[in-house]
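Here is a walk through one protein model, taken contact by contact. Keep the viewer open and follow along.

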Amino acid sequence: MPNVIRSREIPEYIREAYLTQKRRREYPRSYFLLVTPEGERKFPVRDPKTGAYHCGLIRAALTRAGQYKYAQVEEKARNLYQRYCAKKAEFVTKEVKGEMILGAVLVPGAQDADGDVFTKEAVCEACWDYNCNFGWTLYRHGVPLGKDKVQLIESYVTPAPVKIGDEELPEGTWLQRWKILDEGLRKEIAEGNIVGFSIGGWVELES
């Protein structure tokens, strides 16, 4: 696996390095997701000092590519994000009613699959970031699911404790409600092969 810088922040030295096309031409084409026929280098994703993938740059490329309708670049950035910047956490709390499924994405104070614990503030920020900048979903963190298969109905942080099934969840829990249109996915959920939501993201940990 290539070296990866997981920081969310893009430091000033990176901004300076990629400020103009003249400066960008000092770096390999592989540092960018798009090089035009005229030689313009766009959507940098690697740290100019080390050549490591930088998650802050990848996230920025993903957002800008979506805004400016660079579909192929957006797909490349999404694949990089999922492959190199993904942090997975799974929770099995869910409620299924027909085509609708409600479940907890992140629970403040609960330990995730990597042994980390999220604060209410971190959960709220993750929910906001997802709602504003992302919104897609993947099957097993790999296969994109279109709106013909699943549709996001709600994504929010609870203002008070809630109960899903037999489990009490604290204030600040991130919940999502999805409409499952694909019969195969509904069958997997019913048979217990899909047991909950799993995030793909990255965090900065304080030592």
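**Charged pairs, a helix and its cysteines**

Start with Glu154 and Arg177, whose side chains form a salt bridge with an N to O distance of 2.7 Å. Glu154 sits in strand E10 (residues 150-157) and Arg177 in strand E13, so this contact ties together parts 23 residues apart in sequence. Glu154 is partly exposed because its relative accessibility is 32%. Arg177 has a relative accessible area of 23%, so Arg177 is partly exposed too. Bear in mind that the model is predicted.

Widen the view. The structure holds nine salt bridges. Side chains of opposite charge can pair when their charged atoms come close. Move along to Lys179, which pairs with Glu99. The closest N and O atoms of Lys179 and Glu99 are 3.8 Å apart, and the cut-off for a salt bridge is 4 Å, so the pair counts. This bridge joins distant parts of the chain, 80 residues apart. Lys179 belongs to strand E13 (residues 174-180), while Glu99 lies in the loop between strand E6 (94-97) and strand E7 (100-106). Lys179 is partly exposed, at 28% relative accessibility. Glu99 is partly exposed as well, at 33%.

Which other residue does Glu99 bridge to? The partner is Arg186, and the closest N and O atoms are 3.8 Å apart. Glu99 is in the loop between E6 and E7 and Arg186 is in helix H6 (residues 183-190), so this pair ties together parts 87 residues apart in sequence. Arg186 is partly exposed, with a relative accessible area of 25%. Put together, Glu99, Lys179 and Arg186 are linked in a network of salt bridges.

Now turn to helix H5 (residues 120-133). H5 has 14 residues. From first C-alpha to last, H5 reaches 20 Å, close to the 20 Å expected at 1.5 Å a residue.

Which residues of H5 are buried? They are Val123, Cys127, Asp129 and Tyr130. These four cover an arc of only 160° around the axis, so they lie on the same side of H5. Glu121 and Trp128, on the other side of H5, are exposed. What covers the buried residues? Helix H3 (55-67), E7, E10 and E13 are included in that cover.

Finish with the cysteines. How many disulfides does a search of the whole structure find? The search finds zero. A disulfide would need the two sulfurs within 2.5 Å. Cys127 is buried, with a relative accessible area of 4%, whereas Cys132 is partly exposed, at 48% relative accessibility.

Conventions:
Residues numbered from 1 in each chain as written. Predicted model: local features only at pLDDT ≥ 70, side-chain atom pairs only at ≥ 80, totals over all residues. Heavy atoms only, no water. Helix = DSSP H or I, 4+ residues; strand = E, 2+ residues; numbered from the N terminus. Buried < 20%, exposed > 50% of the residue type's maximum accessible area, 1.4 Å probe, protein only. Expected span 1.5 Å × (residues − 1). Arc of directions from axis to C-beta. Contact = heavy atoms within 4.5 Å.
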